[in-house]
Amino acid sequence: MISIHGYAIVCRHGRIADATGAFPPALMNEADWAYFQAELDRADLCVLGSASHRATPNRANRRRLVMSRGAAGLEQREDAWWWAPQEVAFDEVCARLLPAGGRIGVPGGQVAFDYFLHESPPGLRFSEFHLSRATRAAIPDGRGLLRGVEAGRDTDALLREGGLRPGATRVIDADAGVDLTVYVAHPR
Ligand SMILES: NC(=O)c1ccc[n+]([C@@H]2O[C@H](COP(=O)([O-])OP(=O)(O)OC[C@H]3O[C@@H](n4cnc5c(N)ncnc54)[C@H](OP(=O)(O)O)[C@@H]3O)[C@@H](O)[C@H]2O)c1
């Protein structure tokens, strides 16, 4: 049994990074960070796009799988497993890296979010998506959570189209205006 959990903090325009691809201070929040790190500690494998991998040193020494068109299929490098989804199907990746099943954490970025929302094999898509919103942060021209956000689509609508349904929203930092909604896969 494999479960797949996505994590992101977005501004009120659904953006995860600024227009240069850098993580902006406006999205840094301690309550979100503590939640995110505790959740990743529960993961048997973390899947990241290559830009996110480069942007975030693996200080906790978690087991990483990096998505990159430059990977030779599925290959183990010194810093992580590297994977080209065009070359190796994700069920094959799971069979090799998680033969007994397990929990997968997906901290992004956009490439990984789009993949597990609507491109990975059915049955290997998000079980849950943990979406934090920094409601006061504005990055209108930044990197979207999903490709569709940059095309003007609404984040909530895109997650619903991916088969996810939102649970209750709870405020995790009232002073900073940050809340958290966990979207859960809806039986298709
Ligand atoms: N706010 C948040 O919650 C959050 C979450 C995650 C990341 N971030 C921030 O966002 C920034 C990075 O995110 P990002 O969305 O720009 O990049 P990303 O998704 O992490 O990585 C993009 C890279 O993935 C590779 N790629 C693209 N298409 C691919 C495909 N079809 N198959 C396999 N690999 C593919 C490309 O690199 P190759 O040339 O190697 O193929 C591309 O440059 C960082 O600043 C990070 O800190 C924020």
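Is R160 buried, partly exposed or exposed? With a relative accessibility of 37%, R160 counts as partly exposed, where buried means under 20% relative accessible area, exposed over 50% and partly exposed in between (1.4 Å probe, protein chains only). The structure is a predicted model, in which local features need pLDDT of at least 70 and side-chain atom pairs count only at pLDDT 80 or more, while totals for chains, interfaces and linings use all residues. Residues are numbered from 1 along each chain as its sequence is written, and side-chain values use heavy atoms, with hydrogens and water left out.

Charged pairs come next. Side chains of opposite charge can pair when their charged atoms come close. Eight salt bridges are present in the structure, each a side-chain nitrogen of Lys or Arg within 4 Å of a carboxyl oxygen of Asp or Glu. One of them joins R160 to D156, at 2.8 Å from N to O. Another links R153 with E161, at 2.5 Å; here R153 is partly exposed at 36% relative accessibility, whereas E161 is exposed at 55%.

A network of salt bridges connects E39, R42 and R103. Within it, the closest N and O atoms of E39 and R42 lie 3.1 Å apart. E39 is buried, at 10% relative accessibility, and R42 is partly exposed, at 47%.

The cysteines complete the picture. Zero disulfides occur in the structure, a disulfide being a pair of cysteine sulfur atoms within 2.5 Å. C46 takes part in none, as the nearest cysteine sulfur, that of C94, is 13 Å away. C46 is buried at 3% relative accessibility, and C94 is buried at 7%.
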